[in-house]
Amino acid sequence: MDPRDNVAIVANEGGLAAGTVFDDGLALVDKIPQAHKVALRPIAAGEAVQRYGVTIGYAVADIRAGAWVHERLLRMPEARSLEGLPMATVTPPTMAPLAGHTFEGFRNADGSVGTRNILAITQTVQCVAGVTDFAVKRIKAELLPRYPHVDDVVALEHSYGCGVAIDAPDAVIPIRTLRNISLNPNFGGEVMVVSLGCEKLQPERLLPPGTIALVDERTKEETPLDVVCLQDDAHVGFMSMVESILRQAEVHLARLNARRRETVPASELVVGVQCGGSDAFSGVTANPAVGFCTDLLVRAGATVMFSEVTEVRDGIDQLTSRATTPEVAQAMIREMAWYDAYLDRGRVDRSANTTPGNKKGGLSNIVEKAMGSIVKSGTAPISGVVRPGEKASQRGLLYAATPASDFICGTLQLAAGMNLHVFTTGRGTPYGLAEVPVIKVATRTELARRWHDLMDLNAGRIADGEATIEEMGWELFQLMLDVASGRQKTWAERWKLANALVLFNPAPVT
Ligand code: CA
């Protein structure tokens, strides 16, 4: 990956046997599984093990050239101090604007653009989830067929809303997350709320007056927030609640159904990138291709968000140096420091991130994982930071601070306003969201072949020598425009695979 590296990974399917000799004379002294590291030269005990030109660990024993370098042979380096980091020191690469690329999207009154036309039903509290789900099933069966230009109906179910310390400072995170998800571009500005009545998160706290422009098109007067409250005296029996939800849903469905796609520039894409079930190929194939595509998107004037605090923590110096201003770098440090303290409160550190699957996939520790994860951000300057649950308010490459947890990261990127999600995986995950299309990119051909009806793109072709990073990046870019336009559905959409919204609630539960 870098001329300074003293290890490389075995790309071959099934790994390679001891005794295998390479063209340069290197002979394997161990059997090495696919994606795992081999020492390119002898490494003495205590010496730095380098991959991506970065120290991913220190050898705990002498390692022979050709030996398997697994996690038990590495001592993890300390996390980089957040003091004295390079701030906005990198001169951004010259990136020519990329014009002429478009997709077919739904323009919203607030200027954002949707890639799908979905009725979302906001819930203030988990208590109403069962009733809303019952109603949504009936909406889909009885109403949706009459509104053919509406793609779907989605209940924004979550576990928040009551039984929580709602005035705790950190409660602002789940509350603004829910608020901003309700305003995601794919919901066309139609906000409909189902509330129980007695919950802590009252509708006006979730969506205070002025949050959304509720102006009646004909009368030009502000209309009240559309809330169906289950405890209303008017509701006698369960069916009357369901009928209320159906009646209100139909009002929104009629408006959504009148919308049509129109040609918009690629700059209207708001792309959230993340990885899950990573392996040692992630940083070699899929993530570099995503990084190349990130640069294309930024050149086209679009917004790209990368996230996952614990997966960039070890590369923080790379990020602060790429910030457009010292203020942006400082905001990144603020998010890292907050997260360090959050983990410390739970008596762990960023090393709690890695999974058994990561290690089986050749990733020895979080440092190595982070170096592979961070390349999704490409080379563009980082022009802003989005705090957890906040809505992105500028274009370009943004750092959206989220946990690396796939479900929480996706949920927070939804709140930030993403209209397209790109997800890379090496071990394989059937991840999907009901709210936005999720394009899944496999890091290995073997995975793409076995999961042929779950993976949307095979970046393993890079390791196979069949495609370059640039070619895969362009292919992903085209696929994104097709998916955003609704011309192509992702596998997760075809099978209707959707994960739950999982809110990030660092505040206490009562
Ligand atoms: Ca993740």
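This is a predicted model: local features need pLDDT of at least 70, side-chain atom pairs count only at pLDDT 80 or more; totals for chains, interfaces and linings use all residues.

**Salt bridges**

I ran the search over the whole structure and got 26 salt bridges.

Asp2 pairs with Arg4 in a salt bridge, and their closest N and O atoms sit 2.9 Å apart. Is Arg4 buried or exposed? I get 53% relative accessibility for Arg4, so I put it down as exposed.

Next I looked at Glu142 and Arg138, whose side chains form a salt bridge with an N to O distance of 2.8 Å. Why are these two about one helical turn from each other? They are both in helix 1 (residues 129-143) and 4 residues apart, so about one helical turn separates them. For Glu142 I noted a relative accessible area of 38%, which means partly exposed.

Arg205 and Asp167 form a salt bridge, with 2.9 Å between the closest N and O atoms. Arg205 belongs to helix 3 (residues 203-206), while Asp167 is in the loop between strand 10 (152-156) and helix 2 (172-182), and the two are 38 residues apart. On accessibility, Arg205 comes out partly exposed at 34%, and Asp167 is exposed at 64%.

I also checked for salt bridges with shared partners. Arg107, Glu262, Glu268 and Arg395 are joined that way into one network.

I followed up on domain 1 and domain 3.

Polar contacts between domain 1 and domain 3 come to 10 residue pairs, with both residues at pLDDT 80 or more.

**Helix 2**

I went back to helix 2 to see how covered it is. It is mostly covered, with 10 of its 11 residues buried. I listed the buried ones, and among them are Ile173, Ile175, Leu178 and Ile181, but also Arg176, Arg179 and Asn180.

What covers them? The cover includes strand 9 (118-123), strand 10, helix 3, helix 7 (326-345) and helix 10 (406-415).

**Asn358**

I found Asn358 in helix 8 (residues 356-360). Its relative accessible area is 1%, so I marked Asn358 as buried. I then asked what its side chain reaches. The side chain of Asn358 comes to 2.9 Å from the backbone oxygen of Ser278. Leaving out residues up to four places away in sequence, Asn358 touches Gly277, Ser278, Asn353, Leu363 and Lys369.

**Two loop residues**

Ser267 is in the loop between strand 13 (262-265) and strand 14 (270-275). Buried or exposed? Ser267 is buried, because its relative accessible area is 15% and the cut-off for buried is under 20%. Beyond four places in sequence, Ser267 has contacts with Ala300, Gly301, Ala302, Thr303 and Arg395. I also took the C-alpha separation of Ser267 and Asn419, which is 12 Å for residues 152 places apart along the chain.

Last one: Ala392, in the loop between strand 16 (382-386) and strand 17 (396-400). Ala392 touches Met305, Val386, Leu398 and Ala416, with residues up to four places away not counted. From Ala392 to Gln413, 21 residues apart along the chain, I get 9.1 Å between C-alpha atoms.

Methods. Residues are numbered from 1 along each chain as its sequence is written. Side-chain values use heavy atoms; hydrogens and water are left out. A polar contact is a pair of N or O atoms within 3.5 Å; within protein, one must be able to donate a hydrogen and the other to accept it, and residues adjacent in sequence count only if both atoms are side-chain atoms. Buried means under 20% relative accessible area, exposed over 50%, partly exposed in between (1.4 Å probe, protein chains only). Contact means heavy atoms within 4.5 Å. A salt bridge is a side-chain nitrogen of Lys or Arg within 4 Å of a carboxyl oxygen of Asp or Glu.
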